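Have the sequence and the 3D view open as you read.

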Amino acid sequence: MTEHTDGNGIVVGVDGSEASMAALRWAAEQAEILHTGLVAVHAWEPAASGHAPYAPAPARPTAAQEHERAVRVLAATVREALGPRIDDAVRRVVVEGPPARVLLQQARGALLLALGRKAHGNFGLPSVGPVGRECLRHSTVPVVTVPVTERSREPQKAVDSPPLARSGAS
């Protein structure tokens, strides 16, 4: 199954992680502002390579079971990130294949591709994983990486700022 975005929508990669939920929330806000469609894409690959060749056949999930699991991951992530009322406004695409290749194909002709990333990597640099790096290298549309924000347990309170310091003699 290979669908492509039709026109100028925003494509977002979704894998069920906090980072992909942050990207999905950001992309939904942008799609609303730009009055365009939102396409959530989940790529999956057969897990057969994760099992030993001598593992009994019942231990390996079928392609249909893996596809169904991918559909559930995407639906649950969209629902958790955006809530049930906006859930229907998002077009969902589940495609078998390597994530970077699938995302690049789905993003052709889109306004942009949104991907999640950890807030910080090693040495304080932004953390972009292998899929993100591949998309950044080969995308034909702008790619936005959205960092995960750390959620605090208590709501943030406004802080009073000190009065501006005056310069010169008064």
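We begin with how to read the model, then go on to the fold and the helix contact.

This is a predicted model, in which local features need pLDDT of at least 70 and side-chain atom pairs count only at pLDDT 80 or more, while totals for chains, interfaces and linings use all residues. Residues are numbered from 1 along each chain as its sequence is written, and side-chain values use heavy atoms, leaving out hydrogens and water.

Starting at the N terminus, the elements follow the order β-α-β-α-β-α-β-α-β, giving 4 helices and 5 strands. Here helices (H or I, at least four residues) and strands (E, at least two) are DSSP runs, numbered from the N terminus.

Of the 170 residues in the protein, 35% are buried, meaning under 20% relative accessible area with a 1.4 Å probe, protein chains only.

Now look at helix α1 (residues 18-34) and helix α2 (residues 63-82), which pack with their axes 9 Å apart and at an angle of about 60°. Axes are lines fitted to C-alpha atoms, for helices over the stretch in contact, and angles run from 0 to 180 degrees between N-to-C directions. That angle makes α1 oblique to α2; angles under 35 degrees count as roughly parallel, over 145 as roughly antiparallel, 65 to 115 as roughly perpendicular and the rest as oblique.

Which residues of α1 and α2 make the contact (heavy atoms within 4.5 Å)? From α1 come Glu18, Ser20, Met21, Leu24, Arg25 and Ala28, and from α2 come Thr77, Val78, Glu80, Ala81 and Leu82.

Conventions:
Buried < 20%, exposed > 50% of the residue type's maximum accessible area, 1.4 Å probe, protein only. Contact = heavy atoms within 4.5 Å.
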